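Reader: I would like to go through the strand order, the helix packing and the domain contacts of this model. Please keep to what can be computed from it.

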Amino acid sequence: MSKNPPNYISTTNACKLCRPLGACLAFKGIEGAVPYLHGSQGCATYMRRYIISHYNEPIDIASSSLSEKHAVYGGGPNLKLGLTNVAAKYRPKLIGIAATCLTETIGDDVRMILQEYRRDTEGSQGLPDFVNVSTPSYSGTHMEGFHGAVASVVEQMAEGGPRGGEINLLPGFVSSADYRYLKEVMADFGLECIMLPDLSETMDGEALLQYEKVPVGGTPLKSIKAMGRSRATIEFGRTLKETRTGGCILKGVRDVDNFQIGMPVGIEETDRFFGLLRKLSGRDVPHKYAKARGRLVDAYVDGHKYVFGKKAIVYGEEDLVVGVAAFLAEIGIRPVLCASGGTSRRLAEAILEATGDILPEQPEVHEGMDFFEISELAESLAPDLIVGHSKGYPLARKLAIPLIRVGFPIHDRVGGQRILHLGYHGAQQLFDTITNALIAKKQDDSEVGYSYM
Amino acid sequence: MEAVALKDRENQIHIKGEAPFEIVCDKDSLAGAVSQRACVFCGSRVVLYPIADALHLVHGPIGCAVYTWDIRGALSSGPELHRLSFSTDLQEMDVIFGGEKKLYNALTELIDRHSPRAAFVYSTCIVGIIGDDLEAICRRVEAEKGIPVIPVKSEGFKGNKRAGYKAACDAMFRLIGTGDTSGISPYSINILGDFNLAGEIWMIRDYYQRMGVEVVANITGDGRVDDIRRAHGASLNVVQCSGSTMELADMMEKKYGIPSLRVSYFGIEDMSEALYDIARFFKDEKMLERTRKLVQGEAQKLILELEPYRKTLAGKKAAIYVGGSFKAFSLVKAFRLIDMQVVLVGSQTGTVEDYKELEAITDPGTVIVDDSNPLELTSFLKEKEVDVFVGGVKERPIAYKLGIGFCDHNHERKEALAGFDGMLNFAREVYSSVMSPVWRFVPRHSSKDLGNKV
């Protein structure tokens, strides 16, 4: 599968983001939470800017704003001062603290500093809860940061007790539209769901009269505490096996059954998800989804000729890449290169699991890739389209082929947070978008310019 | 009502007319205050990055490089090496055992691949902690590859953005004085502090050409290494965005005796004044005449074109929050030109002198802030009933969320706002936001009457 992966020392146009950014996003999906970076001021500002350009939503990330003397003598005092200031000004319910390369390297023990802070402030009114996650940015990507934050949250907050009927849903990093959709699906199956995180409202909110210091929405703290008592956990991500995820922790510490399945992109992967929901709920797939699936199959048939045999390059976060590859495979598009900046060491295996029975030939799969390397490989692969986030635009432009925007970040279009990827409804949108992009390309390139397909 | 600002920030806010002028600035951002500021690295990166034929290698973990990949609209008329994001992408083992070897190898690999005219190597926080000897590696590669390889001392935590400007100036100063200056006209200048956003420096250069002034080096918009190396051959440094490059002009004055002029290219008034100042500097009657003709021609045309916008926008209220305060002066004047009222003005990195000047040119009641944050800004925007907010990407969603118009005026903008044409674009930008019909739906202007209309 991995045919001579390019191996350069330098990284050009990375296909990954740094670990603290993922943690901040996960914290943004918790009710009343403010993300807080323990590091120098720039990190928070850069990440805010990066995230804003995708969501077009305000995102406040606090920082301990360390300067040179703190780097020498330790950032503890500034961390505490910052917590007090955030608590006073934002009145959050939770402050989610992620470290940065600076504080990981100078060796600040955030957990200990927080213990001290709790002791110092004992008896004070209205203090929020704190959760901390270790996020050295020189190891892993934003996805390790995201999953790590979710794991830390359940580890530090989920409580035990008599078993309840709830289902924990840990979807990983998906769009606000996806989170909204998942909540609807769970409700339609009659399942009491605790979804962590939940960026459906916090990062895709309404126009407001009063500025909300902390936007409404997100997983309620009460629900997070109850996660240790849930009946089962569903966790999306075929590349997560053997990783210390939220689901694993809930299984290990609270004995909550954990079902790890692929991100439900396309019919096959969504069928697996819905099959699991059927089992857990004891109910048939609701009519609405059966109809949606039927329409989707009808659409696949109507459009199959326009997409069949086309070659695609897919890149981005590993589990999204697996999902997109599975979807492309089932509509007859051949993924020829699947690439990620992540390094789970499980990407090729996960793609094989998801597509092995459809694809006659597995794509080239490479982890730890940047866009220079992807571009280099693309030359000989002669792809017809590219599927990934907006940072692949220079490549699409160079090759003069369509870029189908999925995932994060979408910096060159509006509405990135409203792209629906998951379930039959998400597959319908992806299918129409991809098919029309290929038809449009053919139409634009044609000398005739047919006005019928 | 709850106080708008944290106690420790109160002296960084001033309301004109309420008390004798006093403001505290240039201090470290308060922990937990969600400052809109960036870091030393950011300061260096933004100043140097438009040098289009140089390699810009960020030595550190991936974040610093990836968040600054092609984020700004600095255009190049030739090579576009600056639009790529290069990083050593340090990993755990590099942090433990040191990143020098990786830096050397990455630098060598990239120079061989791209044949740049020079290389800048940026320090990040972590490099300052693990103590890699950038100077030594750069020296070695410079000797081996025969191009200037310059370390930029931009460890993020060692100050704020202004310290980063200084580090960038230090880096460029090492280039200046190494090129051949023969053939440079006595009527020659360097353009400092314009970054060619949306092609602005091309407009400005066109004015200079029409005046008969030779531009030796663009520092740094559409910049070239070889031009900067001979920048010491110019007769005058024309400095806009003084925050970022005044330091360099001062160093050049000291070493090469080149005087400098502070200018702004924003708004009709400041743009005209900039050109006249330069013409007067050269004490050449013919040049002055050409300049007069140029300014009059452009200004006359512009005033006519601006008139419809002025008529519609007159009396509307504006708020300004930008990185450098020098830009804020021009914006205050530009708004006055279209009869709009500035009710809030602030910057991330202004000095006491800057704020004094702002307080002098603004109307009573205007709020003046240093190093503000989202909570303060929103409360002022609401209180002052602002129609349009001028700021950068981080300010935009704050305005939009509250149903307030917005004009991008930072380094990521894609519309040219400098020069005479830029003033017209600015008015159009403001107009297209303020006059949009969408505001009628936002809660600020309409109560929710869902289902009440028939």
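Predicted model: local features only at pLDDT ≥ 70, side-chain atom pairs only at ≥ 80, totals over all residues.

Reader: Which strands stand at the edges of the open sheet of five strands?
Author: The order in this mixed sheet is β1(A)-β3(B)-β2(B)-β4(B)-β5(B). A strand at an edge has a single partner, so one of its sides is left without a neighbour in the sheet. That applies to β1 (11-12) of chain A and β5 (149-152) of chain B.

Reader: Which residue is the bridge partner of L57(B) in β3(B)?
Author: Strand β2 of chain B covers residues 54-59, and strand β3 of chain B covers residues 86-87. The two pair over two bridges in the parallel sense. In β3(B), the partner of L57(B) is F86(B).

Reader: What angle does helix α1 of chain B make with β4(B)?
Author: Helix α1 (residues 40-48) of chain B packs on the sheet and touches β2, β4 and β5 of chain B. Helix α7 (residues 161-175) of chain B lies across β4 and β5 of chain B, at about 160° to β5(B). For α1 of chain B against β4(B), the angle is about 165°.

Reader: Which helix gives the most to the side of domain 1 of chain A that touches domain 3 of chain A?
Author: Domain 1 of chain A spans 19-157 and domain 3 spans 291-445, with C-alpha centres 34 Å apart. Their contact takes seven residues from domain 1 of chain A and eleven residues from domain 3 of chain A. On the domain 1 side, four residues come from the top contributor, helix α2 (residues 41-55) of chain A.

Note on methods
Residues numbered from 1 in each chain as written. Chains lettered and ligands numbered in written order. Pairing = 2+ DSSP bridges. Contact = placed C-beta atoms within 7 Å. Axes fitted to C-alpha atoms, helices over the stretch in contact; angles between N-to-C directions. Domains from an automatic or database assignment.
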